[in-house]
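Notebook open, structure loaded. I'm jotting down what I look up as I go.

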Amino acid sequence: MSEAANNDATLVQRAKDGDKTAFAALYERYQPPVFTYVYYRVDSQTLAEDLTAEVFVRMVAKIRTYRAASPLLAWLYTIARNLITDHYRQASRLTPLHERTAMSQIDLSEEAHCRLQETELRTALKKLSEDQRQVVLLKFIERRSNAQIAALLGKTEGAIKSLQHRALGALRRYLNKPNKNEYI
Amino acid sequence: MSISNFETLLDECLARLYSGERIDDILQDQPEYTNRLRPLLEVAAQMSTLPAPHARPTAIRQGRQRMLEAVDEKTNAPCPAFWQQFIENLLSFFPSLRPVFGNALALIILAGLVAGLAWIFTSLDLESDPAGQQTPTSTMTPSEMIPTPSGTVLLTPTKTLLPTNSAIFTQTKTFTPSISPAPIFITLTPTPASTKKNVEDESPEIPTPTKTPVLSYPPPVTDTPLPPYPPPMTETPTPANTTGNGFKP
């Protein structure tokens, strides 16, 4: 077990015992990657901040069920993913159809002002598999090393290299950038 | 080159890209893989243009505050029941089941446990039966004697003298039913089917009682003829009353 994971295990154990400083330390450590993950799923700064805060509230509620066998960040990603799904499910149920249509038109007009490339990248990023998206966000957005990503996600460095290879290939296909030279 | 070797090569090229080297410069060192590496490095370069988002400091503080308040609430909250902890622990192994089942899983598991226990007890009960799974047959042996219901009628005449020198004769009839001989005992004797019979060859024998006792209630009363009414007066005459009104003091 790596030093970071060991440290995590200690913090989690203290948090399970109700130690507030341990919770605060976990928040400092994992708030940035969780926020990045949520931000690139919801495309809204305010909503991402709100949902990220909710992730940590839920972490407090469920910390006893967390098993040290899986990395903490992967567990937090799972919580975040469930929260995002719940949020959109609730929003689609509560928002009337004509309002949803109007909102999408607003989004389109906003997108017109955004850089097309960025929009395309974000859209393509959402189409990746969960593992691929996590690796891309940690590697290309947060600029973490393979060793760090491997420790955070509980995978080997070889698996991380493989995931980034497949993720870049998938992104290239989604971005619809045909290359004259055939890829692989 | 194997895939894993190519993945390692790509990783090295990405490291050079993020250290600030141009794509063309990187590919010059890998001419035989240029066609495969270029599109991947271009996408990676594009991805690096995406901003690294940061939550606003206020939001970070508020988020931390919300979390610490949740810690306080949880610390002050009563300890969950045993079965709630059990379900939570169970769902932690199957997180995908959580949104689907939630509390319903608790009910399902409880129902399953109850059904399982009931089945176990039923099995134990059957195993303790010496006849095993064989179906016992019953033979009814009625008593040879059919009881005859009868009764005794007791007539008790009484006489009441009235102040007017007259008398009222009444008769109380008491009937006491009885059954003779003793009541019937019906014995059910389980007889294990030791020899298996072919059902197609023979129809199953149904034991028939030799005699069927029929009891009617109330039993028919064989009254003995009632004595004449009013009974003959064989009384001695009442002595004269001192007061003259015919009453004894």
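I started with the order of elements in chain B: from the N terminus on, it runs α-α-α-α-α-α-α-β-β-β-β. That is seven helices and four strands; helices here are DSSP runs of H or I with at least four residues, strands are runs of E with at least two, and both are numbered from the N terminus.

Ground rules before going on. This is a predicted model, where local features need pLDDT of at least 70 and side-chain atom pairs count only at pLDDT 80 or more, while totals for chains, interfaces and linings use all residues. Residues are numbered from 1 along each chain as its sequence is written, chains are lettered from A and ligands numbered from 1 in the order in which they are written, and side-chain values use heavy atoms, with hydrogens and water left out.

Next I checked burial in chain B. Of its 249 residues, 16% count as buried (buried is under 20% relative accessible area, exposed over 50%, partly exposed in between, with a 1.4 Å probe and protein chains only). I also looked at contacts in chain B between residues at least 6 apart in sequence: 58% of them join residues at least 24 apart (contact means heavy atoms within 4.5 Å).

One residue I picked in chain B: is B:Ala70 buried or exposed? B:Ala70 is buried, at 13% relative accessible area. B:Ala70 sits in helix H4 (residues 57–76) of chain B. Leaving aside neighbours within four places in sequence, B:Ala70 is in contact with A:Val57 and A:Val60.

Then the core. Which members of the largest nonpolar core touch the most other members? I found A:Val38, A:Phe56, A:Met59, A:Leu76, B:Leu37, B:Leu41 and B:Met47, out of 77 residues. Helix H2 (residues 20–42) of chain A gives the most to this core, with twelve residues. (A nonpolar core is a set of buried Ala, Val, Leu, Ile, Met, Phe, Trp, Tyr and Cys residues joined through side-chain atoms within 4.5 Å.)

Beyond four places in sequence, the contacts of A:Phe56 include A:Leu26, A:Tyr30, A:Val34 and B:Met67.

So what about H2(A) against helix H3 (residues 45–62) of chain A: at what angle do the axes cross? They cross at roughly 135° and come within 8 Å (axes are lines fitted to C-alpha atoms, for helices over the stretch in contact, and angles run from 0 to 180 degrees between N-to-C directions). That makes H2(A) oblique to H3(A); under 35 degrees would be roughly parallel, over 145 roughly antiparallel, 65 to 115 roughly perpendicular, and the rest is oblique. Residues making the contact include A:Phe23 and A:Val38 of H2(A) and A:Phe56 and A:Met59 of H3(A).

Last stop, A:Arg133, in helix H7 (residues 130–141) of chain A. A:Arg133 is buried, with a relative accessible area of 4%. A:Arg133 and A:Tyr40 are 93 residues apart in sequence and 9.5 Å apart in space, C-alpha to C-alpha. Contacts of A:Arg133 beyond four places in sequence include A:Tyr37, A:Arg41 and A:Leu125.

I also noted A:Arg143, in the loop between H7 and helix H8 (146–153) of chain A. A:Arg143 has a positive phi of about 55° although it is not a glycine, and at 44% relative accessibility A:Arg143 counts as partly exposed.
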